[in-house]
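Colleague: I would like to learn how to read a model like this one. Could you take me through it feature by feature?

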Amino acid sequence: MDFKFINLAFFFCSILSLITLMKLILRSLRGGREQKLPPGPWKLPIMGSIHHLGGSELHRRLRKLSEKYGPLMHLQLGGISTVVVSSAETAKEVLNTKDHIFGQRAHLAGSEIVFYGPSNIVLSPTGDYWKFLRKIFSQQLFNAARVRSFQSIREEEVSILVNCLSAEAGSEVNLTDQIVTTACRIATRSALGDKHKNQVESILLLCDMILKSPHGIADLFPCHTWLQSVTGARRGRVELRRKIDSILENIITDHQVGDDIIAGEEEEECLLSVLLNSKRRGDLTMDNVKAAMLDIVVEGFEAPARSVEWAMAEMVRKPEILRRAQEEVRQVLKTKGNITNATLEELKYLKAIFKETLRLHPPSPLLAPRECTQTCEINGYTIPKTTQVLINVWAITRDPHYWTSSLYEAEEFVPERFMNSSIDFRGSHFEFISFGGGKRGCPAILFGTAIAEILLANLLCYFDWELPFGVTPETLDMAELMDSTSKKKNNLILVTSPHGNLICT
Ligand code: HEM
């Protein structure tokens, strides 16, 4: 959520204060029972706690506040009553013990326009429609057999990347762009089919437009829908939706040219064909199909790509880790010949690097907001129905209480901490919830991990990496930028040189 608009807020305060005051008077006349909300910072009338959130990225500000107010904290974000969870124990309460109460997404302002309802998996309400869509994605994209079947796509795309980087030997390369484009090509071909190889540019553009779509003051007062019109937020979103429609319709039209596949007849049918067949059968509308495509556009490649970007940035700052990772992958390759699924299974150190990267740089530092569907108690505090719940993954996966030991500091990048550890990110270790958890947890762990690991293995195997002239491990810019994924603020630029005679052709 973008809080730069705080200054504008005061314009609306006077209008809203009157309405809210009347509501408060009515409530007190009705004699509402006193609820013990979790503690939180002091609140202004109307704006609530927003003035505490300026400055750094939201997850950092929230951690700072939770150091003072505890692992369950109440904030009033304009009209949205919010609790913030910042410990593994409390996250377990929300994601596991009370998943039946918190396994619902909160409504995000404007998502009905941009995300068609919303009817994409990430934002649609938990229910039969959401289950139906998740099942299609699981059958066509996310299950182990399907992920294995995309191996040739991953290999082809990564070998294009390797050849491209080889041509840049000795010079500075924009590694971020290369990684994002390759991950996007893999996700696009796997989900939409080979026909769409050449539409990767449009998909990257679409992703960028959606991630950069602004939020505004109106989003904090969802009850006052007129604010969306007065502030122009609605107009902006309708315009964005028009652009999204145009790109998605092009892709769908191309897909349908000469496409007479009937669901179930073709084993290798892609996700998009299955979605379109469901539409033909009347199980989905065209808007549902487009919304589902947005799950690929927004989720399908950004998170794996950004984890590879962070992993490379962390490793070039710690050459001993880089060297150890390169030795491992080169050694395994000598005996196995090339990087396959089986080879990746043997790369224990590389897997530890991926985990450590997701720990220090979870792509979603705050899980997509959930909503409390029935008033309940956590840690002795009341969480009223309809409260928005933010889980601060970033605070939890860096918490010294779980991650500092006699050997390692929580804030340090040390893959070794995972070498003899059974902790993983599959949703049962609540101190490591980089893929979320509970029924709304990420369904694409295998799909995303496969993309990230093959990229990392190839970058480490076939190339040596150095910082550009004048940049040292201490001065490498590690600033982060948050849109919907955490990424490096500035692209990762490194000097590459092909390694020995292992280079593939
Ligand atoms: C490194 C890779 C990835 C990470 C770390 C990651 C992380 C996450 C997280 C934290 C959530 C929210 C979970 C929650 O609220 O508990 C999520 C949800 C989701 N992710 Fe991923 N993700 C990754 C890759 C992918 C990929 C490649 C896809 C492919 C489309 C994907 C599709 C989804 C979907 C559809 C949801 C929504 C699930 C729901 O609400 O039912 N993710 N992911």
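Modeller: Start with tyrosine 116, which sits in the loop between H5 and H6; helices here are DSSP runs of H or I with at least four residues, strands are runs of E with at least two, and both are numbered from the N terminus. The model is predicted, so local features need pLDDT of at least 70 and side-chain atom pairs pLDDT 80 or more, whereas totals for chains, interfaces and linings use all residues. Residues are numbered from 1 along each chain as its sequence is written, and side-chain values use heavy atoms, with hydrogens and water left out.

Colleague: What is phi of tyrosine 116 near?

Modeller: Phi of tyrosine 116 is near 55°, a positive value in a residue other than glycine. The loop between helix H5 (111-114) and H6 also holds proline 118.

Colleague: Is the peptide bond from glycine 117 to proline 118 cis or trans?

Modeller: That bond, from glycine 117 to proline 118, is cis, with omega near 0°.

Colleague: Now the ligand. Which protein donor does the iron atom of the ligand have?

Modeller: Donors are N, O and S atoms within 2.8 Å of the metal (3.2 Å for Na, K and Ca), and sites may look incomplete because water is not among the atoms. In this model the only protein donor of the ligand's iron is Cys442, through SG at 2.4 Å. Cysteine 442 belongs to the loop between H20 and H21.

Colleague: How many residues surround the ligand?

Modeller: There are 27, and the closest are Arg105, Trp130, Arg134, Arg370 and Cys442; a residue is near if one of its heavy atoms lies within 4 Å. By class, the shell has 13 nonpolar, eight polar and six charged residues. Here Ala, Val, Leu, Ile, Met, Phe, Trp, Tyr, Cys and Pro count as nonpolar, Asp, Glu, Lys and Arg as charged, and the others, Gly among them, as polar. Helix H6 (128-142), helix H14 (286-299), helix H15 (302-317) and H21 each supply at least two residues of that shell.

Colleague: On to helix packing. At roughly what angle do the axes of H16 and H21 cross?

Modeller: Axes are lines fitted to C-alpha atoms, for helices over the stretch in contact, and angles run from 0 to 180 degrees between N-to-C directions. For helix H16 (residues 319-336) and H21 the axes come within 8 Å and cross at roughly 95°. H16 is therefore roughly perpendicular to H21; angles under 35 degrees count as roughly parallel, over 145 as roughly antiparallel, 65 to 115 as roughly perpendicular and the rest as oblique. Contact (heavy atoms within 4.5 Å) involves residues including Leu322 and Val329 of H16 and Leu460 and Tyr462 of H21. The contact of H16 with H21 has eight nonpolar, one polar and one charged residues.

Colleague: How do the axes of H16 and H18 cross?

Modeller: They come within 8 Å and cross at roughly 135°, which means H16 is oblique to H18. Ile321, Arg324, Ala325 and Glu328 of H16 meet Lys348, Tyr349, Leu350 and Ile353 of H18. Five of the residues in the contact of H16 with H18 are nonpolar, none polar and three charged.
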